[in-house]
Amino acid sequence: MTRAVELYERAAELGVKDAHYNLGCLCMRGTEVEKDMDKAFRHYEAAAMCGHVSARHNLGSMESNDGNGDLALQHWKISAKLG
């Protein structure tokens, strides 16, 4: 694990929404950490609950890819309202 990932994890524990978002991106791509879509979803969800627009959009994309069109649409609507 790189120092950056360690710092993101520490910041996420403190509730920093950008740290959750960045960890979600890393987990989704498998960059610097093992690819883990469930973990990516949890990090995006935590960031989205704090108002992170891109995290909310990514949740919609993940729900859409999983065949959950109604949930995807809800996430995208919230994302659009947030800006």
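Please keep in mind that the model is predicted.

I will start with helix H2, which covers residues 17-29. Its 13 residues should span 18 Å at 1.5 Å a residue, and the end C-alpha atoms are 19 Å apart, so the two values agree. The buried residues of H2 are Ala19, His20, Tyr21, Leu23, Gly24, Cys25, Leu26 and Cys27. What lies over them includes helix H1 (3-13), helix H3 (37-49) and helix H4 (53-65).

Next, what comes after H2? Just past the helix, Gly30 has a positive phi of about 80°. In the loop between H2 and H3 we find Glu32. Phi of Glu32 is also positive, near 70°, and this residue is not a glycine. For background, most residues other than glycine have a negative phi. Is Glu32 buried, exposed or partly exposed? Its relative accessibility is 48%, so Glu32 counts as partly exposed, the cut-off for exposed being over 50%.

Now the aromatic rings. How many aromatic pairs does a search of the whole structure find? The search gives 1. The partners are Tyr21 and Tyr44, with ring centres 5.7 Å apart and planes at 45°, so the pair is tilted. Tyr21 belongs to helix H2 and Tyr44 to helix H3, so the pair ties together parts 23 residues apart in sequence. Tyr21 has a relative accessible area of 19% and is therefore buried, since buried means under 20%. Tyr44 is buried as well, because its relative accessibility is 0%.

On to helix H4. This helix has 13 residues, and from first C-alpha to last it reaches 19 Å, close to the 18 Å expected at 1.5 Å a residue. Buried in H4 are Ala55, Arg56, Asn58, Leu59, Gly60, Met62 and Glu63. These residues pack against H2, H3 and helix H5 (69-82). After H4 comes Gly67, with a positive phi near 85°.

The last stop is His75, in helix H5. With a relative accessible area of 13%, His75 is buried. Which residues does His75 touch, leaving aside neighbours within four places in sequence? The contacts are Arg56, Leu59, Gly60 and Glu63; Arg56, Leu59, Gly60 and Glu63 are also among the buried residues of H4. From Met1, His75 is 74 residues away in sequence, and their C-alpha atoms are 31 Å apart in space.

Terms used
Residues numbered from 1 in each chain as written. Predicted model: local features only at pLDDT ≥ 70, side-chain atom pairs only at ≥ 80, totals over all residues. Heavy atoms only, no water. Helix = DSSP H or I, 4+ residues; strand = E, 2+ residues; numbered from the N terminus. Expected span 1.5 Å × (residues − 1). Buried < 20%, exposed > 50% of the residue type's maximum accessible area, 1.4 Å probe, protein only. Contact = heavy atoms within 4.5 Å. Phe/Tyr/Trp six-rings, centres within 6.5 Å; stacked < 30°, edge-to-face > 60°.
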